[in-house]
Amino acid sequence: MPAAAPLRHRTLVLGLLLTLAPALACAGEGNPPDQLPAARVTAKVDGLRLGDIAWLRRDSFGLDSATLARYRELGRTRFLDQQLAGGDDSLPPQVAAQIDHLSVISTPLPQQLAEYQERAQQFRQVPAGPAKDAAKKAFQQYRRDIYQQAAQAEMLHAIYGGDQLKEQLVWFWLNHFSVYADKGPVRLFAADYEENVIRPHALGKFRDLVMATLQSPAMLVFLDNVHNVQGKTNENYARELMELHTLGVNAGYSQQDVQQLMRILTGVGLMPAKPAARRRLFARSRPGLVRDGLFVFNPNQHDFGDKNFLGQTIKGRGYAEVAQAVDLITRQPACAHFISQQLAEYFIADQPPAALVDAMAKTFQRTDGDIAAVMRTMLLSPEAAATDGHKFKDPMRFLVSSMRLVYDGQPIPNAVPLVNWLRQMDEPLYGRITPDGWPLDSASWTGSGQMSKRFDFAGVIGSGRNRLFVDNDDPAQPGNPSNLPREAPALQDSALYRDAVAPGLSIATGHALSQARSPTEWNTFLLSSPDFNYR
């Protein structure tokens, strides 16, 4: 946790909590902050109404000046259409260079895997004793560095990405198709999973996204399909593919369907780690072997019998069965409704209107699962611009939106604290041990312990005195400008606050802000308020 704040500061923070307790108590029920006895400003601010701000807060992780300027220039529909085109992965040059410098991004995945296996083998060969203890410590640090780099890349994309709708979808799909970094070598595959599996398909066809995750090393290891071979089957991935990824529970499929899908997925796995095993695979494989990077479909390990899946017969013909099964799953009406429901719950409200979900599901079916088209239906609905704020931010949204508001596009040289803060707020990237992903409903994040942590990190971010601006490559160099003491950002005086935040503040929040005696306290109170934490 961050260092304890001075007693007076902590007292004021807790005072804010008590002042706004009615709204926080209602958060789990989905009640918006404007149910406090407070009036809302409804006048235009430089061409923007509260509905525009509410819409942008749903469309993006959080507002910054560049987003407001672009929205004013284009208007909502053109702004949305540009985002749905999915072409703007732009980042500030400094941030792009920072991500590209990470070895998990710059080094080809097969090369990373070879190094990982070599280090693991060297560690195992060290005899017991002090040398073994030192080797264990070094190997654990190596594994931590791999995870830290993968998580940093995603945090930097989320905060600075030019297409904020796409960035939210990347995070949404990462959580929907969740993998756990601490299982075996999954952490080694995490950066590739985000960069080359989720990101390119975040706004495409849902069927293609499912196929990409199905072929990803991270998913195949996490849900054990690497162990699903003829004669020694494992149904973990088949079950979760239907229950969590595509159809949901109570969608009309049976345990027999799960077992038939498991048979279809036999032989879907990874290239053997050892060169000798790879040579044997290529030398002895029957026709139909498929390879793509580390992914391999091994026909020698596949059950070629016919399968009866979701009421249809799938002839035993190798890898083509997998594509046929995924087509069948993703074209089920249950899939269209389940995915539409999940998206609406994340972007709109814990309990989105049934009519909106139905409209999204119809678009899903009409367009053969076009994610961009489904998002367009949702974001052009009246609910997307509603100002009643029914959705409470999970830690990821809180942290990213705080960074975007307080630092407004200013690049940071050190993203390590972001990863650590998210972990301390109990939602670490790639950290959900169960395959269902982190809960994204309001009630899961409004407990007293969570709110206390949120206040602490509001103070850390709002003070400006944190390690975000310490160059991690050379943290001790006194002449480095990034190491000089920093003042609290002057958020209260910014045009971004005036245009995008102030018009929607409740009387209770305004009163709390008036009690702040320093810029740090003012920033902390704002970031802690229900007005900021609802979206």
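User: Let's start at the beginning of H20. Which backbone nitrogen does a side-chain oxygen of Asp394 reach at the start of that helix?

Analyst: Keep in mind that this is a predicted model. Helix H20 covers residues 395–407. At its start, a side-chain oxygen of Asp394 comes to within 3.1 Å of a backbone nitrogen, and that nitrogen belongs to Met396.

User: How far does H20 reach from its first C-alpha to its last?

Analyst: The helix has 13 residues. At 1.5 Å a residue, a span of 18 Å is expected, and the model comes close to that. From first C-alpha to last, H20 reaches 18 Å.

User: Is H20 mostly covered or mostly uncovered, and how many of its residues are buried?

Analyst: A residue is called buried when its relative accessible area is under 20%. By that cut-off H20 is mostly covered, and the count of buried residues is 13 of 13.

User: On to salt bridges. How many does a search of the whole structure find?

Analyst: The search takes in the whole structure. One of the pairs is Asp81 with Arg376, whose side chains meet at 2.8 Å, N to O. The total found is 22.

User: How many residues apart in sequence are the parts that Asp81 and Arg376 tie together?

Analyst: Their side chains meet in a salt bridge. Asp81 sits in helix H4 (residues 65–84) while Arg376 sits in helix H19 (residues 371–379), so the pair ties together parts of the chain whose separation in sequence is 295 residues.

User: Those two helices, H4 and H19, how do they run relative to each other?

Analyst: Two packed helices are described by the angle between their axes and the distance between the axes. For H4 and H19 the axes are 10 Å apart, at an angle of about 160°. Their crossing is right-handed. Angles over 145 degrees count as roughly antiparallel, so H4 and H19 are roughly antiparallel.

User: What about H5 and H8, and which hand does their crossing have?

Analyst: Helix H5 (residues 93–101) and helix H8 (residues 130–160) have axes that come within 10 Å and cross at roughly 165°. That makes H5 roughly antiparallel to H8. The crossing of this pair is left-handed.

User: In the salt bridge between Asp182 and Arg187, which partner is buried?

Analyst: The closest N and O atoms of the two are 2.1 Å apart. Asp182 has a relative accessible area of 45%, so Asp182 is partly exposed.

User: Where does Lys453 lie, the partner of Asp426?

Analyst: The side chains of Asp426 and Lys453 meet in a salt bridge at 2.7 Å, N to O. The two are 27 residues apart, with Asp426 in the loop between helix H21 (416–424) and helix H22 (448–463), and Lys453 in helix H22.

User: Last one: how far apart in space are Val104 and Tyr147?

Analyst: Val104 lies in helix H6 (residues 103–106), and at 8% relative accessibility this valine counts as buried. In sequence, Val104 and Tyr147 are 43 residues apart, while in space their C-alpha to C-alpha distance is 9.0 Å.

Key. Residues are numbered from 1 along each chain as its sequence is written. This is a predicted model: local features need pLDDT of at least 70, side-chain atom pairs count only at pLDDT 80 or more; totals for chains, interfaces and linings use all residues. Side-chain values use heavy atoms; hydrogens and water are left out. Helices (H or I, at least four residues) and strands (E, at least two) are DSSP runs, numbered from the N terminus. The expected span of a helix is 1.5 Å times one less than its number of residues. Buried means under 20% relative accessible area, exposed over 50%, partly exposed in between (1.4 Å probe, protein chains only). A polar contact is a pair of N or O atoms within 3.5 Å; within protein, one must be able to donate a hydrogen and the other to accept it, and residues adjacent in sequence count only if both atoms are side-chain atoms. A salt bridge is a side-chain nitrogen of Lys or Arg within 4 Å of a carboxyl oxygen of Asp or Glu. Axes are lines fitted to C-alpha atoms, for helices over the stretch in contact, and angles run from 0 to 180 degrees between N-to-C directions. Angles under 35 degrees count as roughly parallel, over 145 as roughly antiparallel, 65 to 115 as roughly perpendicular and the rest as oblique. A crossing is left-handed if the near helix is turned anticlockwise from the far one by less than a right angle, and right-handed if clockwise.
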